[in-house]
Amino acid sequence: MSENEPEECPEQETQACDGCCCGAGENEEPEKGENETEDLESEDFEEPEEAEPEEENQEKLTVTTSMDLQGSHFLYTQATEKSLKTLDYDYKRCNGCGICVDICPTKALELGPMHEIATGLDAPPVMMDLDKCTFCRMCSNLCPVHAITLESLGDVPDKKQYPKYDAFVNINEKCLPCALCEGACPQDAIEVEFTFPKKEEIAPFKEGAEGEIEIDPDKCNFCGICARFCDAFILLEREPTPDNPVPFEQLLVDEDKCDYCVLCQDLCPEEAIKVKGERPCEAPKVEGKVTVDDMKCTQCARCQAVCPYEAVDLQKPMEGKLSLIELNLKECDPQGCRGCFNVCPSELWYVPTDPEDPRKIAFAEDFCMYCGACVKACHLGAIKVERTDVHHTEIPDTPWASQWKDAIESLKTGVRKGVDRAVFRETETLKAQKFMGIEPPCTDEEALAAVQEKIDSLMPVLKSAKVRKLWETDSPESTAVAVKKKIEG
């Protein structure tokens with residue numbers, strides 16, 4: 001009997017489940033009534049065998065989850081017999097804006113100590129509770145810096161059924177191209193490839209040539225086309241700043257490498273170069289292509305700001321307002337802290353250099369994408385970000401549409417409803433009852449006053465630094481004697 005008992009338990013559990021969940025118990029009773037056989041025990045043994053095919057037809061999925069670390073990437077996986085989902089979180093790319101934490105419907109994400117991380121602590125800004133994660137795509141689709149991506153294989157809904165930011169940077173037909181946008185991008189998301197030939201390919205250097213060349217600095221916009229075409233031009237780079245995002249500061253000519261071929265003058269789109277010399281051939285047409293890496297691009301608009309030809313069409317993921325709370329700026333130390341500087345993907349923060357500018361810290365709001373990372377990084381609470389609009393793709397009519405609508409709306413309101421897992425239970429209100437036969441203790445006012453007097457006499461002793469040090473270094477007996485003497489003295 002003891003050997004058979006473990007086998008019978010699952011069968012009993014299956015019967016109970018079938019009766020409660022599937023209604024099988026209701027269908028079995030009429031069958032017994034119609035047959036009315038005396039061999040009831042045999043029927044009892046046959047019933048589980050008849051129910052087994054129904055149980056086999058029920059679809060069962062085994063869900064397994066795991067986490068792996070590869071370099072700066074946390075790889076979270078969820079696998080079933082029909083699908084495999086992988087959530088890739090690059091903590092080095094994450095700037096700790098906290099959007100994923102705020103919108104997660106199951107509270108599976110937690111933001112780390114952002115001020116410490118922003119000022120040098122090497123730690124993931126966001127950590128995940130894998131047991132809570134449902135791999136719903138919200139964090140990956142609404143991460144403004146693309147630090148989280150989700151890939152899925154197998155029997156899963158099409159990713160087009162989930163909304164995402166409707167943000168883009170498109171290069172239009174006005175582009176020459178030139179080198180300004182590539183040098184200005186803080187995320188290295190733009191690559192410019194010039195396809196026209198270099199000068200030596202169509203007009204080899206002519207020794208001993210004489211002539212003159214002059215550059216008009218008022219007309220030159222540092223597009224870099226001449227420097228790409230001829231090695232005689234030297235384009236000096238500079239570190240772009242929020243108040244001046246142009247990546248170059250001066251154009252020089254090495255006349256030892258110049259044979260005054262006049263071709264650079266023909267190429268210059270701004271007519272900023274004047275050359276006196278002999279033209280050996282016709283200048284080539286400026287051609288090339290500009291590629292934008294969507295996974296790196298954060299639509300900060302620096303490329304649009306430096307483009308002299310209005311060749312950049314851009315839409316940010318969010319619109320809003322960035323401001324400083326002056327009352328909290330008293331202790332701001334932008335030189336020592338720099339937390340907001342370090343987390344900003346647009347690099348829009350700067351310290352004014354004008355001695356007449358009273359501001360400790362300033363920003364170029366034109367480059368703000370309103371992610372809010374600076375708010376999380378500021379330990380003084382001196383930065384405020386308000387979002388007024390979120391550009392996103394259409395939300396399809398799916399069972400999960402309401403959660404996505406709420407998540408996107410919460411980016412503006414700051415209020416996330418999440419998934420309601422509360423279970424309402426009616427409880428009986430208990431009325432206050434008197435405890436019969438039990439008298440509450442009475443207060444002895446004289447004893448209470450005596451205790452308070454002892455406490456009052458002890459307080460000055462406890463405030464003594466010598467007594468506290470004695471308490472930490474000496475034995476309890478010696479300390480008690482010292483305290484008694486102090487009180488009596």
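**Notes on pockets, cavities and selected residues**

1. By class, the lining of the largest pocket comprises 13 nonpolar, eight polar and seven charged residues, where Ala, Val, Leu, Ile, Met, Phe, Trp, Tyr, Cys and Pro count as nonpolar, Asp, Glu, Lys and Arg as charged, and the others, Gly among them, as polar. This is a predicted model, in which local features need pLDDT of at least 70 and side-chain atom pairs count only at pLDDT 80 or more, while totals for chains, interfaces and linings use all residues. Residues are numbered from 1 along each chain as its sequence is written, and side-chain values use heavy atoms, with hydrogens and water left out.

2. The volume of the largest pocket is about 770 Å³, and 28 residues line this pocket, with S140, N141, H146, K164 and M295 the closest to its centre. On a 1 Å grid over the protein atoms alone, a pocket is an open set of points with protein on both sides within 12 Å along at least five of seven lines, a cavity is a set of points where a 1.4 Å probe fits but cannot get out, and lining residues have an atom within 4 Å of a point. Grid points are joined across faces, edges and corners, and a volume is the space filled by probe spheres set on the points.

3. Which elements each supply at least two residues of the lining of the largest pocket? They are α6 (138-141), β6 (148-154) and β7 (168-171), and the largest share, five residues, comes from β6. Helices (H or I, at least four residues) and strands (E, at least two) are DSSP runs, numbered from the N terminus.

4. The second largest pocket, with a volume of about 560 Å³, is lined by 28 residues, and N95, F341, N342, V343 and C344 lie nearest its centre.

5. Nine cavities of 30 Å³ or more are found in the structure. The largest cavity holds about 150 Å³ of space, and of the 17 residues lining this cavity, C332, C337, C340, I361 and C378 are the closest to its centre. Twelve of the lining residues are nonpolar, two polar and three charged.

6. How many disulfides does a search of the whole structure find? The search finds zero, a disulfide being a pair of cysteine sulfur atoms within 2.5 Å. For C230, the nearest cysteine sulfur is that of C261, 6.2 Å away, and for C378 the nearest is that of C332, at 6.7 Å. C230 is buried, at 11% relative accessibility, whereas C378 is partly exposed, at 21%; buried means under 20% relative accessible area, exposed over 50%, and partly exposed in between (1.4 Å probe, protein chains only).

7. C220 lies in the loop between β9 (212-215) and α9 (225-229) and counts as buried because its relative accessible area is 17%. C220 and E270 are 50 residues apart in sequence but 6.5 Å apart in space, C-alpha to C-alpha. Beyond its neighbours within four places in sequence, C220 is in contact (heavy atoms within 4.5 Å) with I215, L251 and A272.

8. K199, in helix α8 (residues 199-202), is buried, since its relative accessibility is 5%. Leaving aside neighbours within four places in sequence, K199 has contacts with P204, F205, F229, C230, D259 and C261.
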